[in-house]
Amino acid sequence: MGGAPAFFVDHLENGHTNGDSSVEIGDRSYVIGGSHEGNPLFLGVQIHDKITNKWSSPTVLGTGPKPCKAYSAFVLKQGRILFIKKGSASDDSIWFLEVDSPFVREQRKLLGKEVVAWSKGVRGNAEKPIVISGPSGVGKGTLITMLMKEFPSMFGFSVSHTTRSPRCMEKNGVHYHFTDKNVMEKEINDGKFLEFASVHGNLYGTSIESVEVVTDSGKRCILDIDVQGARSVKASSLDAMFIFVCPPSMKELEDRLRARGTETEEQIQKRLRNAEAEIKAGKSSGIFGHILYNDNLDECYKSLKNLLGIDNDTPVNGVEVEGINLPKEHTVTKMEDKILIQETGEAAKNIRIVLDLSSINGGAPGRTRGIGLGTLKSS
Ligand SMILES: Nc1nc2c(ncn2[C@@H]2O[C@H](COP(=O)(O)OP(=O)(O)O)[C@@H](O)[C@H]2O)c(=O)[nH]1
Ligand SMILES: Nc1ncnc2c1ncn2[C@@H]1O[C@H](COP(=O)(O)OP(=O)(O)O)[C@@H](O)[C@H]1O
């Protein structure tokens with residue numbers, strides 16, 4: 001997601017115990033975590049403005065880290081705080097709290113209140129997700145199913161949430177997360193969604209985890225979303241490829257929709273009415289870098305594979321994105337623009353890990369990717 005930000009560590013705050021700790025950035029202190037009956041938790045974030053001497057509880061977006069007993073915190077450029085947790089699993093040890101990143105500033109404007117956002121740090125980079133849009137009945141689902149069937153290790157599907165009822169063949173958690181409106185609206189308010197839209201009278205939305213879980217597995221994530229959703233994704237930090245699928249004609253689109261037999265007459269009419277506007281937006285909004293015409297299915301599928309740079313001997317990607325296994329007990333030191341993690345404790349086997357953050361990219365609402373394991377220049 002997004003380009004690699006300029007990065008350097010400009011302040012090191014040593015590790016904290018019991019979860020309560022503050023990190024200073026400019027005129028503000030960010031107090032992170034808290035403890036409950038002696039158990040340190042990442043309870044949330046409090047902001048203390050030293051000028052007004054006022055405390056505020058910002059809205060915390062994204063899925064945050066699990067509780068931990070101690071961590072080290074670094075203030076980074078671009079309004080991010082890096083957390084290196086002690087005693088955590090490899091996929092939960094590196095976190096970025098964005099307190100003034102471009103994404104947080106945009107959300108602050110949108111929501112009109114104080115906002116911070118968590119982003120999990122992972123090694124390695126991600127394959128660009130693919131957004132496929134098009135009017136109901138054009139063949140999006142058919143084309144995606146063909147791709148996933150032929151290249152199961154290369155592609156994964158972003159399972160959307162929707163308030164619409166399932167069709168007879170649709171399985172919850174596979175085709176959609178079929179969800180109650182109030183549940184979905186709460187999760188949207190909690191910043192768990194990359195985008196959402198009202199489409200044909202139902203609410204649809206893409207949770208951040210739906211995309212990131214596929215990407216973390218080393219697959220290219222495919223999103224089947226409408227034009228409104230594509231517009232939101234384009235404006236987000238998710239750097240994706242955008243494809244719009246057109247029918248050969250409105251008559252053919254209607255024939256397919258009727259032949260599919262999954263909508264009532266009223267729903268068919270509503271979808272056809274929306275189709276004209278969607279096709280116009282698909283072609284002229286500038287959101288979609290690629291337009292495909294789904295006339296002959298095999299021809300269209302071949303064009304889609306060409307677009308994705310797939311020929312049949314393309315090496316399968318499938319490289320799982322990894323977490324970072326840190327020694328249970330360790331000290332953290334800044335060494336030039338790298339971060340040295342040195343194992344401590346009696347049983348220490350002198351494990352030294354060097355984090356290289358010079359090519360991190362992406363960030364909230366998704367993962368912060370590109371964390372490298374570097375080496376220290378021998379002195
Ligand atoms: N914005 C948005 N649109 C979605 C999402 N999931 C599905 N849609 C769109 O909602 C519309 C209706 O989807 P669906 O009810 O499955 O009907 P279909 O288009 O006939 O398959 C389609 O244009 C989908 O691309 C989502 O997560 N977000
Ligand atoms: N090129 C095509 N020619 C004829 N029928 C098609 C073609 N592509 C898809 N279909 C059929 O049209 C109907 C709608 O396809 P579907 O993939 O469900 O569309 P969408 O997911 O865009 O709503 C399905 O019954 C499908 O089998």
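Residues are numbered from 1 along each chain as its sequence is written, and chains are lettered from A and ligands numbered from 1 in the order in which they are written. In this predicted model local features need pLDDT of at least 70, side-chain atom pairs count only at pLDDT 80 or more, and totals for chains, interfaces and linings use all residues, while side-chain values use heavy atoms, with hydrogens and water left out.

**The sheet and its helices**

Four strands form an open sheet in the order S14-S13-S16-S15, with mixed pairing. Strands here are DSSP runs of E with at least two residues, helices are runs of H or I with at least four, and both are numbered from the N terminus; two strands pair if DSSP finds at least two bridges between them. Strand S14 (176–178) and strand S15 (193–199) are the edge strands, each pairing on one side only. On average, neighbouring strands of this sheet are turned by 25° against each other, direction ignored.

Strand S13 (residues 160–162) pairs with strand S16 (residues 202–207) in the antiparallel sense over two bridges. Thr162 has Tyr204 in S16 as its bridge partner.

Helix H3 (residues 181–189) lies across S13, S15 and S16 and runs at about 40° to S16. Helix H4 (residues 208–216) also packs on the sheet, touching S13, S14, S15 and S16, and its direction makes about 40° with that of S16. Contact means heavy atoms within 4.5 Å; axes are lines fitted to C-alpha atoms, for helices over the stretch in contact, and angles run from 0 to 180 degrees between N-to-C directions.

**The ligand sites**

Ligand 1 is surrounded by 21 residues, the closest being Ser136, Arg164, Tyr176, Tyr204 and Asp224. A residue counts as near if one of its heavy atoms lies within 4 Å. Around ligand 2 there are 14 residues, of which the closest are Gly137, Lys140, Gly141, Thr142 and Asn294.

The table gives polar contacts, which are pairs of N or O atoms within 3.5 Å.

| Residue atom | Ligand atom | Distance |
|---|---|---|
| Ser160 side chain | ligand 1 oxygen | 2.7 Å |
| Tyr176 side chain | ligand 1 oxygen | 2.6 Å |
| Asp224 side chain | ligand 1 oxygen | 2.7 Å |
| Gly137 backbone | ligand 2 oxygen | 2.8 Å |
| Arg260 side chain | ligand 2 oxygen | 2.8 Å |
| Leu297 backbone | ligand 2 nitrogen | 3.4 Å |

The protein covers 73% of the 560 Å² of accessible area that ligand 2 has on its own (Shrake-Rupley method, 1.4 Å probe).

Key:
A polar contact is a pair of N or O atoms within 3.5 Å; within protein, one must be able to donate a hydrogen and the other to accept it, and residues adjacent in sequence count only if both atoms are side-chain atoms.
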